[in-house]
Amino acid sequence: MSISLEGKTYVVMGVANKRSIAWGIARSLDKAGARLIFTYAGERFEKSVRDLVATLEGNHELILPCDVTDDENVAACFETIGKEVGEIHGLAHCIAFAKTEELSGDFSETSREGFLLAQNISSYSLTIIAKYAKPIMAESGSIVALTYIGGERVMPNYNVMGVAKASLEMSVRYLAADLGKHGIRVNAISSGPIRTLSAKGVSDFNSILREIEEKAPLRRNTTPEEVGDTAAFLFSDMARGITGETIHVDSGYHIL
Ligand code: N5H
């Protein structure tokens, strides 16, 4: 079950380890025959990304650091990508961060610094990346970002990240409105909860997963493969009429 993305090049940003949703996306794109470029957040992730990429079918050589909090770093990263491959056909933004202490307890205690940090890394990063990816993006380019239902509705403990995801989802729409004139589409995938490194330390994650198994229309949890295949679809020409959309890949939980 795969579509062909042969001859296409995509940038996958935010692989941390084999459980990452970004890695699910990378595997689907690799299976579809795409050429991939990876960016990682800091030195601590470089080795794990390189080791993982070596297990893919295709030969994906370009693996670069990209610090999304630094405009010049993002500019340099996409300049390097442009020099190496010429043109890209899309990018997957799988980047988010908030302080652990702001992901539980009272939202009214959120600090200014923590609020801005979550917005900076989890939301504004999409806009700065779109700015520097635009000059090297093909006419049919496609950008995909990851979000969560906590950006639409209040979910226990999601707190500052919920506000950042709301901002990210609205950025997807404004970017779609802006970049549509260049033929570039911008969409988000709202994934059901998946046990990733980001979810580590979330207290009662098991009970969150259990509730989905019990209540979601499909009575099961979301896998990184399901998100990856939806990303592959959004990157493909099959999705050429879709932009500014948030697609829920969550076993239907969001309709409840
Ligand atoms: C309602 C929930 C439970 C509350 C959990 C919120 C999780 C938010 C995601 C952010 C991105 C987590 C985060 O920034 C954790 C960091 O403070 C500490 N972790 C790290 O630094 C690790 C090492 C690195 C790799 O993580 C990052 N992000 O850089 C939501 C859950 C049911 C679903 C969920 C887990 C959603 C989501 O947005 O990821």
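**Entry 1. Annotated binding site**

UniProt annotations may be inferred rather than shown by experiment, and I read the positions below in the numbering used here. I am working with a predicted model. From the unreviewed UniProt entry I took the annotation "binding site", which covers Gly 14, Ser 20, Ile 21, Asp 67, Val 68, Ile 95, Lys 165, Ile 194, Arg 195, Thr 196, Leu 197 and Ser 198. I noted that these positions span 185 residues in sequence and that the farthest two C-alpha atoms lie 24.5 Å apart, so they do not all gather at one spot.

**Entry 2. Two of the annotated residues**

I looked up Ile 21 and Asp 67, which are both among the annotated positions. I found Ile 21 in helix α1, which comprises residues 21–31. Is Ile 21 buried or exposed? Its relative accessible area is 15%, and I therefore record Ile 21 as buried, the limit being under 20%.

I located Asp 67 in the loop that runs between β3 (63–65) and α3 (71–85). Asp 67 has 32% relative accessibility and so counts as partly exposed. I also recorded that Asp 67 belongs to a surface patch of negative charge, together with Asp 70, Asp 71 and Glu 72.

**Entry 3. Salt bridges**

How many salt bridges does the model contain? I recorded a count of eight.

I began with Glu 225 and Arg 27, whose side chains form a salt bridge at 3.0 Å, N to O. This pair links distant parts of the chain, since Glu 225 is in helix α7 (residues 224–235) and Arg 27 is in helix α1, 198 residues apart. I noted Glu 225 as partly exposed, at 37% relative accessible area. Arg 27 is likewise partly exposed, at 29%.

I then examined Glu 79 and Lys 83, whose side chains meet in a salt bridge at 3.6 Å, N to O. Both residues are in helix α3, and because they are four residues apart, about one helical turn separates them. I recorded Lys 83 as exposed, with 68% relative accessibility.

Finally, I looked up the salt bridge between Glu 211 and Lys 215, in which the closest N and O atoms are 3.8 Å apart. Where does this pair lie? I placed Glu 211 and Lys 215 in helix α6 (residues 205–215), four residues apart and therefore separated by about one helical turn. Glu 211 is partly exposed, with a relative accessible area of 29%. Lys 215 also counts as partly exposed, at 45% relative accessibility.

Note on methods
Residues numbered from 1 in each chain as written. Predicted model: local features only at pLDDT ≥ 70, side-chain atom pairs only at ≥ 80, totals over all residues. Heavy atoms only, no water. Patch = residues over 30% accessible without salt bridge, like charges linked within 9 Å, V, L, I, M, F, W, Y side chains within 5 Å. Areas by Shrake-Rupley, 256 points an atom, 1.4 Å probe, with all protein chains shown as cover. Salt bridge = Lys/Arg side-chain N within 4 Å of Asp/Glu carboxyl O. Lys, Arg positive; Asp, Glu negative; His and termini not counted. Charge placed at Lys NZ, Arg CZ, Asp CG, Glu CD. Helix = DSSP H or I, 4+ residues; strand = E, 2+ residues; numbered from the N terminus. Buried < 20%, exposed > 50% of the residue type's maximum accessible area, 1.4 Å probe, protein only.
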